[in-house]
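Here's a quick briefing for anyone opening this structure for the first time. Take a look at the model, then read on.

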Amino acid sequence: MREGRDFASREELLEQAGESAMTVRRGAGERLAEAALDEVRWLRVTGELPGGLPWDLQPAWRVRLWALLMDEEQRAAVAAEIMRME
């Protein structure tokens, strides 16, 4: 079920789902993964560093995340070019 389409409030959800409705709490790992994904989305969409700080003033984990993203994008581009040439 999707909020906004199948139900508009928690009460409506509980009414429709009956006893099978339950709340699932996200763990710390899931919240961390979501935060990292938000960082990557920001960088890719805007082309700017989140927070507006230069690279050398960013936390090390952010710089490493972005470096891994760029490495993976370059690897994927090379792989696509090789596939195109074959």
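What covers the buried residues of H2? The cover includes H3, where contact means heavy atoms within 4.5 Å and buried means under 20% relative accessible area, with exposed over 50% and partly exposed in between (1.4 Å probe, protein chains only). Keep in mind that this is a predicted model: local features need pLDDT of at least 70, side-chain atom pairs count only at pLDDT 80 or more, and totals for chains, interfaces and linings use all residues. Residues are numbered from 1 along each chain as its sequence is written, and side-chain values use heavy atoms, leaving out hydrogens and water.

**Helix H2**
- H2 covers residues 28–46, and its 19 residues reach 27 Å from first C-alpha to last, close to the expected 27 Å (1.5 Å times one less than the number of residues).
- Helices here are DSSP runs (H or I, at least four residues), numbered from the N terminus.
- Glu39, Val40 and Leu43 are buried in H2.
- Seen down the axis, the buried residues of H2 fall within an arc of 95°, so they line one face of the helix; the arc is that of the directions from the helix axis to the C-beta atoms.

- Arg62 sits in helix H3, residues 60–85, and counts as buried at 17% relative accessibility.
- Leaving aside neighbours within four places in sequence, Arg62 is in contact with Glu39 and Pro50.
- The side chains of Glu39 and Arg62 also meet in a salt bridge (3.0 Å, N to O), meaning a side-chain nitrogen of Lys or Arg within 4 Å of a carboxyl oxygen of Asp or Glu.
- That pair links distant parts of the chain, with Glu39 in H2 and Arg62 in H3, 23 residues apart.

**Other salt bridges**
- The structure holds six salt bridges.
- One of them joins Arg75 and Glu72, with the closest N and O atoms 2.5 Å apart; both residues lie in H3, about one turn of the helix from each other.
- Arg75 is partly exposed at 47% relative accessibility.

**The aromatic pair**
- A search of the whole structure turns up one aromatic pair (rings of Phe, Tyr and Trp, using its six-membered ring, with centres within 6.5 Å; planes under 30 degrees apart are stacked, over 60 edge-to-face and the rest tilted).
- The ring centres of Trp55 and Trp66 are 5.2 Å apart and their planes are at 90°, so the pair is edge-to-face.
- Trp66 is buried at 0% relative accessibility, while Trp55 is partly exposed at 38%.

Conventions
Helices (H or I, at least four residues) and strands (E, at least two) are DSSP runs, numbered from the N terminus.
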